Amino acid sequence: MSQTLTHTNTIDHDLQGFEKYMLELSNITKVYPTPKGDFVVLENLNLKIKEGEFVSIIGHSGCGKTTLLSMIAGLNPITSGEIILDGTPIKGPGPDRGVIFQSPSLLPWMSAMENVQLGVDKVFANATKKQREDICKYYLSKVGLDGAFDKKAKDLSQGMKQRVGIARALALKPQVLLLDEPFGMLDSLTRGELQDVLLEVLDKEKTTGIMITHDVDESIFLADRVIMMTSGPRAQIGDILDITYDRPRNRKAILEHETYYSNREHLINFLEH
Amino acid sequence: MKTKIIKAVKFMGLGYLEPLIRLITGEEVRKNSKDAFKRILFPLLSVVVFILLWHSFSNYLNNVESTLKIEKTLKNQGPEAAKKLEDCIASGDISCRPNSLPSPAMVATALGKLWDDHKIMATKKQDFIDKYETINEERAANGEIEIVYTGRPSFVDQIKTSLKTVFAGFLLSIIIAVPLGIVLGLSDTLRTSFNWLIQILKPVSPVVWLLLVSMIVKTVLTDVDVEKSFVISFISVGLCSMWATLVNTSVGVSSVDKDFMNVAKVLQLGTIKKIFKIILPSSFPMIFTGLRITLSVAWMVLIAIELLAQSPGLGSFVWEEFQNGSSDSNSKIIVAMFVIGIIGFMLDRIMMIFQKLLTFTD
Ligand SMILES: Nc1ncnc2c1ncn2[C@@H]1O[C@H](COP(=O)(O)OP(=O)(O)OP(=O)(O)O)[C@@H](O)[C@H]1O
Ligand SMILES: [Mg+2]
């Protein structure tokens, strides 16, 4: 009993001591001007993400998930509010935030290797050529692309392209990984495989990240917290569900866990109402 | 091996040979012989039909012209002269052949004659060069001007000159239009500011360009020892034909896929890297389409420009034959027409092969 108490205390202490948030969104509002007047997508949205935490965002189509993520990526200007990354407000895009888009958007005229190298050369400009190549190769093998390093991106299958997209983002060792429905366009078999790949990286490297998904099971399987967004316009965070399964995670164990169905129901209930 | 050949053949745009290759190697004989018939025999048949139509049309025109001539002679010089002319025409003598659309056979003969002439002129030229080789060496040593061959160029020489001019013009338009197109494509402000100029200059006729260029070149190159007419014609060709490349390059560069630009933004690539690694490769297909149009326009206007500028080449060949009006001039003009067409077609094919080699297709 006393042991448990001490344990809880340490956690509290840690949180207060660190208060280390990798990402802080405060009072984010986003307005798209349209011919029919201003369209307020997000209004006063607040979210804090701890270092090493991985959250997923679910919400109805069109509620503003992509808008939110692209603002964090710096690709879309914020109307009002502030996004703070590791203590400094973000200004524009940068390689410290690895983005994995729904469509992999590789450069089709480059090989898988060159696509990854483009960013690695930039971020690890001080490393030797050999070291940079090794980084690229390491991540490409990690996502299961051994033997396809020199294939042109245009000749890769959709699943392989998305693998390269993941390797490209991971290889930059970003502070935050941003994923916008990364597996949405894949068949369920490939999706499962890539979820496992991502999970392994998260478990091992403790990457901070945000993933948008439409797949309730995927969000439970991968995230520490699931953020549920209300439907737009003026979307906000409606509810948050903590997913406390231990890492490293294992798909089968999670599926068999006693709280799995209650978690799932929680999310589905939110989406249905 | 076979698949490799087929792939290469297809790459060169000769896909219609595929069934024939498969047929020769004994694959699916029935299906492939049917395909080979359809894709090779019918086009060949169409050539025969074309020649037959041409033949009968030129026959018809010649008959009309002969009848007119005979009637005119009858009216002016009496029945005796008319009878004589009629016999002369019937005998097929060159001196009294009606001067109308030549028949395919006459064009073929003219082609043979042009080739023979070329061989004769080429030996003459070689003889001249051999003869003056030592003399010229001495003259050069004494600081005197060398004696150069000034004989008439043959048909083949004219073709070579035209090709030289068109390549010089094409190169010029690449050098001007591609960089300019990139600059305009990168900057919305520049593009909208200069759009009017492009829109106005694009439809200007080759003739006007030629006049404009010769105005300038004549003043600039007053005492420089160069072939002025060559310079004038290649610059005019370049200026006439560069617009397609300019417009396509600027459109290609300005409409790079947003996803690609986002990649560049996220990686914070520098300007140079962004241009060479992302913008240019992604607009290559557009640029190449522009270059193909440019080359074919260049070849088309070249003939007109040579004709007007009196610079050597196929254009002046056609013009001289037209002025010359000898018995086989018309046939030679038709030969030139086919040569111009075939070369234009081949140039486009070469560009297409380059395009396939250098651009990505997604
Ligand atoms: N550039 C824009 N200009 C105007 N309106 C926009 C723009 N981009 C998005 N919107 C609107 O903002 C809303 C949110 O779009 P967003 O793409 O962020 O939704 P989402 O949650 O990602 O949807 P989905 O789940 O379908 O991907 C939508 O109603 C959309 O029509
Ligand atoms: Mg979206």
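In chain B, the C-alpha centres of domain 2 and domain 3 lie 37 Å apart. Chain B is divided into domain 1 (2-95), domain 2 (123-148) and domain 3 (153-358), with bounds that come from an automatic or database domain assignment. The model is predicted: local features need pLDDT of at least 70 and side-chain atom pairs count only at pLDDT 80 or more, whereas totals for chains, interfaces and linings use all residues. Residues are numbered from 1 along each chain as its sequence is written, chains are lettered from A and ligands numbered from 1 in the order in which they are written, and side-chain values use heavy atoms, with hydrogens and water left out.

The largest pocket concerns two of these domains. Domain 2 (123-148) and domain 3 (153-358) of chain B both give residues to the lining of this pocket, so the pocket lies between them. A pocket is an open set of points, on a 1 Å grid over the protein atoms alone, with protein on both sides within 12 Å along at least five of seven lines; a cavity is a set of points where a 1.4 Å probe fits but cannot get out, and lining residues have an atom within 4 Å of a point. Grid points are joined across faces, edges and corners, and a volume is the space filled by probe spheres set on the points. The largest pocket has a volume of about 670 Å³. Of its 27 lining residues, B:Lys125, B:Tyr149, B:Gly151, B:Pro153 and B:Asp157 lie nearest the centre. Helix H5 (104-141) and helix H6 (155-186) of chain B are the elements that give two or more residues to this lining, and H5(B) gives the most, with 9 residues. Helices (H or I, at least four residues) and strands (E, at least two) are DSSP runs numbered from the N terminus. By class, the lining has 11 nonpolar, 9 polar and 7 charged residues; here Ala, Val, Leu, Ile, Met, Phe, Trp, Tyr, Cys and Pro count as nonpolar, Asp, Glu, Lys and Arg as charged, and the others, Gly among them, as polar.

The second largest pocket holds about 430 Å³ of space. It is lined by 17 residues, and A:Gly52, A:Glu53, A:Phe54, A:Asp224 and A:Arg247 lie nearest its centre. Its lining comprises 4 nonpolar, 3 polar and 10 charged residues. A:Arg247 is also joined to A:Pro248 by a cis peptide bond, with omega about -5 degrees. A:Pro248 is placed in the loop between strand E10 (237-242) and helix H8 (251-256) of chain A.

A search of the whole structure finds 1 cavity of 30 Å³ or more. About 70 Å³ of space lies in the largest cavity. Both chains line this cavity, with A:Phe101, A:Arg168 and B:Leu267 among the residues concerned. Strand E6 (97-100) and helix H5 (158-171) of chain A, together with helix H10 (258-266) of chain B, each supply at least two lining residues. The lining divides into 7 nonpolar, 1 polar and 1 charged.

Polar contacts are pairs of N or O atoms within 3.5 Å. A polar side-chain atom of A:Ser61 lies 2.6 Å from an oxygen atom of ligand 1, and an N or O atom in the side chain of A:Thr66 is likewise 2.6 Å from a ligand oxygen. From a polar backbone atom of A:Lys65, the distance to an oxygen atom of ligand 1 is 2.8 Å. Taken alone, ligand 1 exposes 640 Å², of which the protein buries 61%; accessible areas come from the Shrake-Rupley method with a 1.4 Å probe.

How values were computed: Polar contact = N/O pair within 3.5 Å; in protein donor to acceptor, adjacent residues only side chain to side chain.
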